[in-house]
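Please look over this model with the notes beside it. They cover a sheet, its helices and some backbone details.

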Amino acid sequence: MMTDPIADMLTRIRNAVRVERPHVDMPLSKVKRGLAEVLKREGYIWDWEEVEAQPASHLRVHLKYGPNGERVIRHIRRISKPGRRVFSGAAKLRPILNGLGISIISTSRGVISDREARRRKLGGEVLCEIW
């Protein structure tokens with residue numbers, strides 16, 4: 001049993017980027033699917049797909065690198081943890097690295113980036129920071 005599947009996803013992405021893998025696989029869940037969609041919309045990954053397998057489906061994330069092999073994801077950090085949940089209102093959400101990075105927020109309307117949360121005036125649980 002895994003206590004923090006989101007931290008596991010972020011660690012798998014961090015490790016795969018560090019050794020320059022083209023893609024990384026992980027167990028599938030709705031929240032992980034939402035995280036992958038936000039990463040795709042914000043330009044941190046090329047794409048994601050669901051891979052049907054037995055006994056359970058997997059999420060495959062296709063990682064993105066620059067033209068000379070430089071990393072697009074330089075830093076990825078879990079903020080809200082099972083032992084200490086971190087919630088923030090829309091007014092309290094601040095840009096990460098003056099807008100060069102993003103926070104991913106779990107709201108009542110789904111998993112969205114901090115830019116979108118500020119635009120929609122939604123708060124929620126701050127899942128992670130990426131730049």
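The points below go from the sheet to the loops.

1. Basis. This is a predicted model, where local features need pLDDT of at least 70, side-chain atom pairs count only at pLDDT 80 or more, and totals for chains, interfaces and linings use all residues. Residues are numbered from 1 along each chain as its sequence is written, and side-chain values use heavy atoms, with hydrogens and water left out.

2. Sheet. Three strands form an open sheet in the order S1-S3-S2, with antiparallel pairing. Strands are DSSP runs (E, at least two residues), as are helices (H or I, at least four), numbered from the N terminus. Pairing requires at least two DSSP bridges between two strands. Strand S1 (23–27) and strand S2 (45–51) are the edges, each pairing on one side only. Twist averages 20° from one strand to the next.

3. Pairing of S1 and S3. S1 pairs with S3 (residues 58–63) in the antiparallel sense over five bridges. His-23 stands opposite His-62 in S3.

4. Helices. H1 (residues 5–18) lies across S1 and S3, at about 160° to S1. H2 (residues 30–41) packs on the sheet and touches S1, S2 and S3; contact means heavy atoms within 4.5 Å. The direction of H2 makes about 155° with that of S2. Axes are lines fitted to C-alpha atoms, for helices over the stretch in contact, and angles run from 0 to 180 degrees between N-to-C directions.

5. Cis bond. The Gln-54 to Pro-55 peptide bond is cis, with omega near 5°. Pro-55 sits in the loop between S2 and S3.

6. Leu-97 is not a glycine, yet its phi is positive, about 50°. Leu-97 is partly exposed at 45% relative accessibility (buried is under 20%, exposed over 50%, partly exposed in between; 1.4 Å probe, protein chains only).
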